[in-house]
Amino acid sequence: MQIRILSLACAALLPLFAHAQVTVTDPWVRATTSQQKATGAFMKLSPATPMTLVSASSPAAGVVEVHEMVTQDGVMKMRAVPGLPLVPGKVTELKPGGYHIMLMDLKKPVSVGEKVAITLVLENEGKQRQEQVVQAEVRPLNAAAASAASSTHQQHH
């Protein structure tokens with residue numbers, strides 16, 4: 001009887017462990033102009049266990065893909081990736097010019113101060129998929145350029 005109770009208690013706790021997925025910090029989306037149909041989402045991801053970011057979705061966009069920017073033969077190219085491995089103890093940064101989430105076929109422009117819901121689809125080593133919803137703040141079009149310029153400026157002084 002005690003073993004059965006212990007088994008039931010463990011089974012009840014399993015969903016709690018399944019939800020200890022990835023710590024997401026500093027999620028943001030670049031604002032768009034009224035004519036833009038695509039934008040990028042950026043954040044820092046820190047998993048508790050080995051995970052892979054396999055896809056994402058958002059009610060703000062018709063198509064959402066995990067992308068990377070690479071330079072091939074001196075040309076900057078952007079392409080979708082089938083998955084982005086996340087390593088425990090290591091922060092994986094989705095940022096302009098690197099890995100990022102591409103929001104395409106936007107349903108409406110996104111404006112500074114709004115929040116965009118993004119659902120991350122994560123897969124563990126056992127190939128079990130879990131979803132994690134992130135609320136990303138919309139920042140100005142030049143947000144990344146402004147912060148890069150200020151850090152470069154500080155390095156010169």
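A: By a salt bridge I mean a side-chain nitrogen of Lys or Arg within 4 Å of a carboxyl oxygen of Asp or Glu. Please keep in mind that this is a predicted model.

Q: How many salt bridges does that rule give?

A: The count comes to six. One of them pairs Arg79 with Glu68, whose closest N and O atoms are 2.8 Å apart. Because Arg79 lies in strand S5 and Glu68 in strand S4, this pair ties together parts that are 11 residues apart in sequence.

Q: And is Glu68 buried or exposed?

A: Glu68 counts as buried, at 11% relative accessibility, whereas Arg79 is partly exposed at 40%.

Q: What about Glu137, which partner does it have?

A: Glu137 forms a salt bridge with Arg139, with 3.9 Å between the closest N and O atoms. Salt bridges that share partners join Asp26, Glu137 and Arg139 into one network.

Q: Switching topic, where is His67?

A: His67 is found in strand S4, which covers residues 61-72, and it is buried, with a relative accessible area of 6%. Its side chain makes a polar contact of 2.7 Å with that of Glu65, and among the residues that His67 touches are Met78, Arg79, Tyr99 and His100.

Q: Last one: which residues touch the most other members of the largest nonpolar core?

A: Those are Val29, Leu53, Ile101, Leu103, Ile118 and Leu120, in a core of 28 residues. The largest share of this core, four residues, comes from S9. As for Ile118, its contacts include Val29, Met43, Ile101 and Val134.

Key
Residues numbered from 1 in each chain as written. Predicted model: local features only at pLDDT ≥ 70, side-chain atom pairs only at ≥ 80, totals over all residues. Heavy atoms only, no water. Helix = DSSP H or I, 4+ residues; strand = E, 2+ residues; numbered from the N terminus. Buried < 20%, exposed > 50% of the residue type's maximum accessible area, 1.4 Å probe, protein only. Polar contact = N/O pair within 3.5 Å; in protein donor to acceptor, adjacent residues only side chain to side chain. Contact = heavy atoms within 4.5 Å. Core = buried A, V, L, I, M, F, W, Y, C linked by side-chain atoms within 4.5 Å. Lists of a residue's contacts leave out its neighbours within four places in sequence.
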